[in-house]
Amino acid sequence: MCRLTTERCSESILTKYTPLWMTKATELLEDTHSTAKEVTLACKILSFLLEYCKEIPELHKPVSIQNIRRLILVVNSLLRNKKYSTMYYLVAVMLYHYPEVCEQSQELMKKIILQQIDSTQKNLINASAKCYVLLSKATERSFQPPPTKSMYTRLTYNQALLCNSLHAIMDELFSELTELKSWDIWDQLDLPTISEENVIKYYNDQKQRFLNLCIYLSSMLCGCDAKNSVVPFDILEILCRGLAVTPLNLKDKTSVKRQMLYIILPKLHIGLLTVLNTFINGFAQELIPFGKIILNLLQQTLRWTSTVLENHITFSNSKSFKNIRLSTYKCLLSWLINTGSLSGVETIANEYMAFIMKDITPERDCMLLTVQKPQHWSKRVMKRFKDSQYENNSILNNGKAIIKNGSLDADLCKEALVVLQNILHSGSVQLKQAFYKNMQNTVISLLYNFYLANSGRSFYKEHNKCRLELFKVLRALQMNPHTLLRSPIQYYLKISHRASYDVDLSVAQEARLALAELEKIIHPTAPTLQLLRQNEYNNEFLSEDQVEEPATATIATTSIATAINTDKKSRIERKFLQEADISPPACKRQKITMPECTTMWDKNSTESFGRNDKEANSNESQTNKNFQENVRNVSQETEQVHYNKEQGLSNSDELTNVKEAETRVECESITRIITDQKQDEQPKDSSSADKTNKMSKDSPSIIEEVQDEVAEEKEKESDIDDPEMLNLFVDIPVLSRDTITPQRHVQSDD
């Protein structure tokens, strides 16, 4: 209504009537006969007008001088008799928009705020705690720290005052019972004393003040306007000192005081854990250097709360120290979320796992051993005996027995499972192998028994939220596997497939997401990077055994070069015979492959042309026969050579023998053919000597021509063949023209 009025009215009208409206609203607060609704309405109108006057310079100064001081006095007198949360909203507006005026009355404002330090109404406590933070901000400029505490600001100094007040309460409660670490209380808040006439009321009031101070300290740790500061040692000292007190430290529990301390102790721990949770959320990454202390505090709390004795009884018939464990899990969860992989939880994850397992693993039913029916028992006694043993036992799936003797708490189980998920996400790579094994065995067995075994009535069947969180733990396991453990994907598939048909839609949806993730894991869209390792051989250091594979690989190249050489050599032979006027034999000669190191003739080979005519005539018939036999032998040897080459000889020694055989066969065949044909063509008359001399003179030119042809063929063969492959045959010597001997092949000693 006020907002609509200001929007419709002009600025001049508001400037004229705003002081009047504020005066009327203040008078309504001063009236002792005003009702609660009237007081609430007056506080809202004043708060709105104060915010509006802040934006108008003409109204800001007069309102600050006249109205603010008057309102502070009115609120102080009103809060003595009546408690209204809306009045703290008015105080907050004055502290936020008019800090200069409130700074001048800071002692009175502090008194107004601390009036609720012993209140039991949560709304008043929270409102006054926020006002205490605003007061610290408003009085920042005029603050002068003590000489010994020059490092403190107004905000951190007020935090230290709250911590010292908490230390003072702990000294009053536990100084005679346990050996606490002494603490120098150099200053504290000026709070009213609590009467000790009534012991029960005294301890309850001390407990309430302790909790309210924890709320004030938590509000201070949250900061104001995204500006915050803290002295971490002050906060950690009060946390370590307070959380060190456990029920096991209480020496004597027979007196009323000891029993009252045993009753209020869980509440004190919850208040301190609330401070720790706010401390973590407020400063997050800045607390990483203190991570070990924080984790040890939480581990210490989980340890002593997990030790539940048989005589522990709670008023609500719930698990002992349930709320303390819930607060501990919330603090641990906040630490894991805010710090992530820097949390350091992997250092003590195994210790945490031992405590968490007690909150997520249901106890197995015990086996009952029945005794034989006594003969002297009556039917009534026997019936009573059976009822005592079987009627309310969980083995018979009786609901009353399960609810009464249930070992798990749903709230605790849910929080513990959420913590497990975040432990896996925060320290997945650094977690130890034993932690993973323990978690896999526990989680998979619980879900497997529920979905794939006849579990009957069980804890996870009755609590869908716990079952959902348990399945999320399984999903976190499959998405954060351990590098040294084999992932049990087959169990993930079976459980996720059955869970996709769960009656709870949340569990079913989570199972479908898990199946989709498993599909991407089992059948990735791209192949894995598994590159084959290729061995690169160094040609300079190859041995004879290493030549086997390269020799096989060059068969195709060698066969092509051999075919080309054969055609060229056949043309050379025909040209040589034509120049010497020699006709080729009648039978068709087999193609012979010319090797690289083909033998050549020297000048001494021309002596065969100087034989006499008589020897030629007498041996003519024998020469023809020898020629035919030589051709047959050459063809057989050539076929044997080609057969061996087709078998893919892999040994370098065998390849050398093949080359030698080819060379020997071709050299002998060519020599025989030329010699026999020359002898057949010698003239029988007296002029045959002249022809012989003439041919002898011409023969050297023919031989040189043949040698030139062969040299060119070698050069072309070296261009065709792969140089790297030819270098593999180290056993075959490379011969030059100057070192060739007639009709002889040089073999390697190897």
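The chain averages a pLDDT of 74, and 61% of the residues score at least 70. pLDDT is the predictor's confidence in each residue, on a scale from 0 to 100. This is a predicted model, in which local features need pLDDT of at least 70 and side-chain atom pairs count only at pLDDT 80 or more, while totals for chains, interfaces and linings use all residues. Residues are numbered from 1 along each chain as its sequence is written, and side-chain values use heavy atoms, with hydrogens and water left out.

Over residues 391-405, pLDDT stays under 50. The model gives this stretch 21 contacts beyond four places in sequence, where contact means heavy atoms within 4.5 Å. Over residues 681-689, pLDDT again stays under 50. Here the model has 13 contacts beyond four places in sequence.

Now the helices. Helices are DSSP runs (H or I, at least four residues), numbered from the N terminus. Two packed helices are described by the angle between their axes and the distance between the axes. Axes are lines fitted to C-alpha atoms over the stretch in contact, and angles run from 0 to 180 degrees between N-to-C directions.

Start with helix α3 (residues 36-54) and α5. They pack at an angle of about 10°, with axes 9 Å apart. The two helices are therefore roughly parallel, a term for angles under 35 degrees. α3 passes α5 in a left-handed crossing, meaning that the near helix is turned anticlockwise from the far one by less than a right angle. From α3, the residues that meet α5 include Cys 43, Leu 46, Leu 50 and Glu 51. From α5, they include Met 87, Leu 90, Val 93 and His 97. By class, this contact has 8 nonpolar, 4 polar and 2 charged residues. Ala, Val, Leu, Ile, Met, Phe, Trp, Tyr, Cys and Pro count as nonpolar, Asp, Glu, Lys and Arg as charged, and the others, Gly among them, as polar.

α5 (residues 85-97) also packs against helix α4 (residues 57-79). Their angle is about 145°, and their axes lie 11 Å apart. α4 passes α5 in a left-handed crossing. Among the residues in contact are His 60, Ile 68, Leu 71 and Val 75 of α4, with Tyr 88, Leu 90, Val 91 and Met 94 of α5. The classes here are 11 nonpolar, 2 polar and no charged residues.

The crossing of α13 past α14 is left-handed. Contact residues include Leu 295, Leu 298 and Trp 304 of α13, and Arg 325, Tyr 329 and Trp 335 of α14. They divide into 10 nonpolar, 5 polar and 1 charged.

Two loop residues come next. Ala 284 is found in the loop between α12 (256-283) and α13 (291-306). Its phi is near 45°, a positive value in a residue other than glycine. Ala 284 is buried, with a relative accessible area of 15%. Buried means under 20% relative accessible area, with a 1.4 Å probe and protein chains only.

Asp 502 is found in the loop between α22 (489-499) and α23 (505-522). Asp 502 is buried, with a relative accessible area of 10%. Leaving aside neighbours within four places in sequence, Asp 502 is in contact with Phe 450, Tyr 451, Arg 467, Val 507 and Ala 508. Asn 464 is 38 residues from Asp 502 along the chain, and their C-alpha atoms are separated by 9.9 Å.

Terms used. Buried < 20%, exposed > 50% of the residue type's maximum accessible area, 1.4 Å probe, protein only. Parallel < 35°, antiparallel > 145°, perpendicular 65-115°, else oblique.
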